[in-house]
Structures are given as C-alpha cells and as structure tokens.
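Here's a quick briefing to read with the model open beside you.

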Amino acid sequence: MDLGLSLALLKEHRYQALEDRLAAAGFKPDTNDKGNPSPQRWICDPSKGIVVVDLLMPLFADGASAGKPQFLTPRLAAFAIPGIELAHLDYEHLRLSGYALRGGWAEQDVSVCGPGALVILKALAFDNRGQNKDAHDLIYVLEAAGLDEVAGRIKTFPASVHLDKALDVLRSKFLRADGVGPVRVAQFRGDAGEAVRADAAGRVRELLRKLGRV
C-alpha cells in the first residue's frame, strides 16, 4: 500500500508518532535485496499476513531527488514523490472492512487518491522511470473514471511546476499512437495491435483538449 504523507506531519512534529504507531501495529522497516534496512518501506510480521506500506511524501529534504528516501527519524523515511500533494486535494472516501492484523473484524473509512491526481502522478512516474505499468495505470484511470471526470478534477488544481511537467509528459510521450507511452501500454497488456496504442493516444489527446492544452 502506498501511503501519501502531508508536509503537515513535519510542521506538527508527528513523524515520531507515526513510527511509534507502525511499530505498535507490528510493522518494522523492510530490507532490500542486499539485506540493508529500507526505512521508507515498512512490513508487518509475516505470521500476521504480509502487508507492505510504502511511505510517500513531497520533496522536503535538502538535496532530495525523486524516488529517493528522505529521513524523518533515524528509522523512518519516505520516498520523495513530486506532486504527491495533489492526492490531498483530489481524493475519495472509501469504507474498508475485514479482519485487523491483531484480530477482530473492523470497518474503517479511508481516503484514497482521486483519478485526477492519479493521472498526474502516473505521468510524472512514467517520465521518471519509464515502466510499462505506469503507462497502463494512467490509461486505465482515463478509461475507468472517464475523461470528463478526470479533466474536471485536474482543472481544480492550483498552478504548479509538477502539474505543468505532467501535462508536458502527456503531450510529448502519449499523443502519438507510436509514442513511447502508448507502446508501453500495449506491451503491458500483451497486445501489440495498433488499436490499443491508438486508443491510448486518443484518450490522452481528448483529455488535453478538454484541459485546453493542445
């Protein structure tokens, strides 16, 4: 699970409380392939069922770069994610139900990233790492939420360098059916047909038209 943290966590000095609550719930820092701690990723005791939490936060540390950890405490860090603050402007409320890690059935209201913010974040992620899944997820959100809904939410976002960068990525990498974005969508879906690529490019073109960016 990706957990987007607000900068208010820093202003209100609540980062130690977050670490304490994760530890109290049975989580601990994960380890990477070399066996070193990954303080930006916490994992619960496998005996309780594997749950992994990736902590995400806007850039705040001096010299921080996208996708790299920023330390909040000696044991707790968060991935630096440009534009993650948009998820606190565009979100949905969902009620989840199930058995808690320490036992007992529970229901909990949670806030999840909305489709407008997710499209912007996926565009930035694709530009940063170029993974097929990021391109696919971006188009999937356009398909599932609808272009009008996504465009309407993006129009409410304040002007920012992250928003402009994301829209530039959509223009440069997704407008052509043979562009790297639509090609990666087709590769992820295991369909090399031109129709998949053309559909992806067409959806992005229409989104940008609705935003007045083409």
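In what kind of crossing, left-handed or right-handed, does α3 pass α6? It's a left-handed crossing, meaning that the near helix is turned anticlockwise from the far one by less than a right angle, whereas clockwise would be right-handed. Bear in mind that this is a predicted model, where local features need pLDDT of at least 70, side-chain atom pairs count only at pLDDT 80 or more, and totals for chains, interfaces and linings use all residues. Residues are numbered from 1 along each chain as its sequence is written, and side-chain values use heavy atoms, with hydrogens and water left out.

**Helix α3 against helix α6**

- Helix α3 covers residues 115–129 and helix α6 residues 161–174; helices here are DSSP runs (H or I, at least four residues), strands are too (E, at least two), and both are numbered from the N terminus.
- The two helices pack at an angle of about 65 degrees, with their axes 9 Å apart; axes are lines fitted to C-alpha atoms, for helices over the stretch in contact, and angles run from 0 to 180 degrees between N-to-C directions.
- That is why α3 and α6 are called roughly perpendicular to each other (65 to 115 degrees; under 35 is roughly parallel, over 145 roughly antiparallel, and the rest oblique).
- On the α3 side, the contact (heavy atoms within 4.5 Å) is made by Ile120, Ala123, Leu124, Phe126 and Asp127.
- On the α6 side, the residues include His162, Leu163, Lys165, Val169 and Phe174.
- By class, the contact of α3 with α6 has 10 nonpolar, one polar and three charged residues (Ala, Val, Leu, Ile, Met, Phe, Trp, Tyr, Cys and Pro count as nonpolar, Asp, Glu, Lys and Arg as charged, and the others, Gly among them, as polar).

**Helix α4 against helix α5**

- The axes of α4 and helix α5 (residues 147–154) come within 6 Å and cross at roughly 110 degrees, so α4 is roughly perpendicular to α5.
- Val141, Leu142 and Ala145 of α4 meet Leu147, Glu149 and Val150 of α5.

**Two buried aspartates**

- Asp134 sits in helix α4 (residues 132–145) and counts as buried at 1% relative accessibility (buried is under 20% relative accessible area, exposed over 50%, partly exposed in between, with a 1.4 Å probe and protein chains only).
- The side chain of Asp134 makes a polar contact of 2.6 Å with the side chain of Arg129 (a pair of N or O atoms within 3.5 Å; within protein, one must be able to donate a hydrogen and the other to accept it, and residues adjacent in sequence count only if both atoms are side-chain atoms).
- Leaving aside neighbours within four places in sequence, Asp134 is in contact with Lys122, Ala125, Phe126 and Arg129.
- Asp54, in strand β4 (residues 52–57), is buried too, at 15% relative accessibility.
- The side chains of Asp54 and Arg41 are joined by a polar contact of 2.7 Å.

**A serine and a histidine to click on**

- Ser111 belongs to strand β8 (residues 105–113), and its side chain makes a polar contact with the side chain of His93 (3.3 Å).
- Ser111 and His93 are 18 residues apart in sequence, yet 4.6 Å apart in space, C-alpha to C-alpha.
- His13 is in the loop between α1 (8–11) and α2 (15–24), and it's exposed, with a relative accessible area of 58%.
- The phi of His13 is near 55 degrees, a positive value in a residue other than glycine.
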